[in-house]
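These are my notebook entries on one protein chain and its ligand. I set down what I looked up, in the order in which I took it up.

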Amino acid sequence: MELYVAPSILSADFARLAEAAQAVGGPTGADWLHVDVMDYHFVPNLTLGLPVVKSIKASTDIPLDCHLMIEDPGRWAPTYAEAGAHNVTFHAEATDDPAAVGRDLRKAGAKAGLAIKPGTPLEPYLEILKNFDTLLVMTVEPGFGGQEFMAEVLPKVTEARKRVETGHLDLRIEVDGGINADTIHAAAEAGADTFVAGSAVYNAADPAAAVAALRAAAVV
Ligand code: DX5
Ligand code: ZN
């Protein structure tokens with residue numbers, strides 16, 4: 001599967017989000033733009049919601065990869081699909097019926113993503129992966145950018161990759177948290193094909209060059 005790089009605007013200037021999207025655009029730039037939605041409840045941080053997602057959508061052609069770190073995704077996730085997000089990912093820990101939310105997202109016209117925190121096992125979700133287009137394996141505790149990559153999570157990525165192969169699933173395996181030019185290769189080797197990077201892109205002097213460097217470093 002083609003490798004995707006998804007810069008996270010969490011590390012960009014929130015007063016200049018259109019410029020942040022533009023800075024990673026173009027044919028060799030970002031495949032997805034990762035937008036972290038946090039609600040002060042599921043995680044101890046607050047970022048942005050639907051009105052801002054709609055404004056970002058109107059300002060760029062890069063497909064939006066919305067990562068919802070919120071409670072009650074069954075109620076809210078489909079509204080992000082309706083707002084034009086390409087991919088909407090919510091947390092398995094936040095709902096009793098993730099498969100139903102995945103199906104609702106597809107009905108609402110988006111790709112569906114399931115996210116798991118570092119301490120959440122993959123095994124209980126293996127049978128429902130067919131309802132999803134993306135599995136997001138968190139490689140830090142969700143909530144903040146700039147944290148250190150947790151390599152101990154990578155066996156879950158490998159487990160997911162095996163499942164994709166044995167089950168012939170059409171599923172992207174995304175990693176998020178602490179991804180930089182030093183850590184991305186290990187994540188790719190473990191089986192990830194989609195890489196979120198916030199601080200490694202937006203704290204760089206040249207965000208577009210940082211995206212290119214990540215892509216080059218990911219090749220297994
Ligand atoms: C953290 C977010 C990440 C964050 C990653 O909860 O989900 O998307 O932006 O930031 P870095 O790449 O700096 O770890
Ligand atoms: Zn994220």
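I note at the outset that the model is predicted.

**Entry 1. The chain as a whole**

I counted the elements and found eight helices and eight strands in the protein chain. I then compared the radius of gyration with the globule rule: for 220 residues a compact globule would have a value near 17 Å, and the protein chain has 16 Å, so the two agree. Along the principal axes, the C-alpha atoms fill a box of roughly 40 × 40 × 30 Å. Of the 220 residues, 49% are buried. I also looked up the contacts between residues at least 6 apart in sequence; 64% of them join residues at least 24 apart.

**Entry 2. The annotated active site**

Where does UniProt place the feature "active site"? The unreviewed entry gives D36 and D176. Although they are spread over 141 residues of sequence, they cluster in space, with a largest C-alpha distance of 10.6 Å.

I took D36 first. D36 lies in strand β2 and is buried, because 24 other C-beta atoms lie within 10 Å. Leaving out residues up to four places away in sequence, I found D36 touching S8, L10, T47, H67 and M69.

D176 lies in strand β7. It is buried as well, with 26 other C-beta atoms within 10 Å. With the same exclusion of residues up to four places away, D176 touches H67, L136, M138, T139 and V196. I note that H67 is listed among the contacts of both D36 and D176.

**Entry 3. The annotated binding site and the ligand**

The "binding site" annotation in the unreviewed UniProt entry covers S8, H67, G143, F144, G145, G146, D176, G177, G178, G198 and S199. I looked up two of these glycines.

Is G178 buried or exposed? It counts as buried, since it has 25 C-beta neighbours inside 10 Å. Leaving aside neighbours within four places in sequence, G178 is in contact with T139, V140, Q147, E148, F149, M150 and T183. G146, in the loop between β6 (134-138) and α5 (154-167), has 13 C-beta neighbours inside 10 Å and therefore counts as partly exposed.

Which residues come nearest to ligand 1? Of the 22 residues around it, they are S8, L10, G145, G198 and S199. The elements giving two or more residues to this shell are β2, β8 (194-197) and α7 (199-202).

**Entry 4. Helix α3**

I listed the buried residues of α3 as P73, A77, Y80 and A81. They cover an arc of only 105° around the axis, so they are on the same side of α3. What covers them includes α2, β3, β4 (87-91) and α4 (98-107). Just after α3, I found G84 with a positive phi of about 105°.

**Entry 5. Positive phi at residues other than glycine**

D72 is in the loop between β3 (64-69) and α3 (73-82). It counts as partly exposed, because it has 15 C-beta neighbours inside 10 Å.

Y40, also not a glycine, has a positive phi of about 70°. Y40 is placed in the loop between β2 (33-38) and α2 (50-59). With 12 C-beta neighbours inside 10 Å, Y40 counts as exposed, the limit for that class being 12 or fewer.

**Entry 6. V157**

Last, I looked up V157 in helix α5. V157 is buried, with 24 other C-beta atoms within 10 Å. Not counting residues up to four places away in sequence, V157 touches V137, I173, V175, A187, A190, G191 and A192. I also took the separation of V157 from K54: they are 103 residues apart along the chain, and their C-alpha atoms are separated by 31 Å.

Note on methods:
Residues numbered from 1 in each chain as written. Chains lettered and ligands numbered in written order. Predicted model: local features only at pLDDT ≥ 70, side-chain atom pairs only at ≥ 80, totals over all residues. Helix = DSSP H or I, 4+ residues; strand = E, 2+ residues; numbered from the N terminus. Rg over C-alpha atoms; globule rule 2.2 N^0.38 Å. Buried ≥ 20, exposed ≤ 12 C-beta atoms within 10 Å, placed from the backbone. Contact = placed C-beta atoms within 7 Å. UniProt positions renumbered as here; feature names shortened; annotations may be inferred. Near = placed C-beta within 6 Å. Arc of directions from axis to C-beta.
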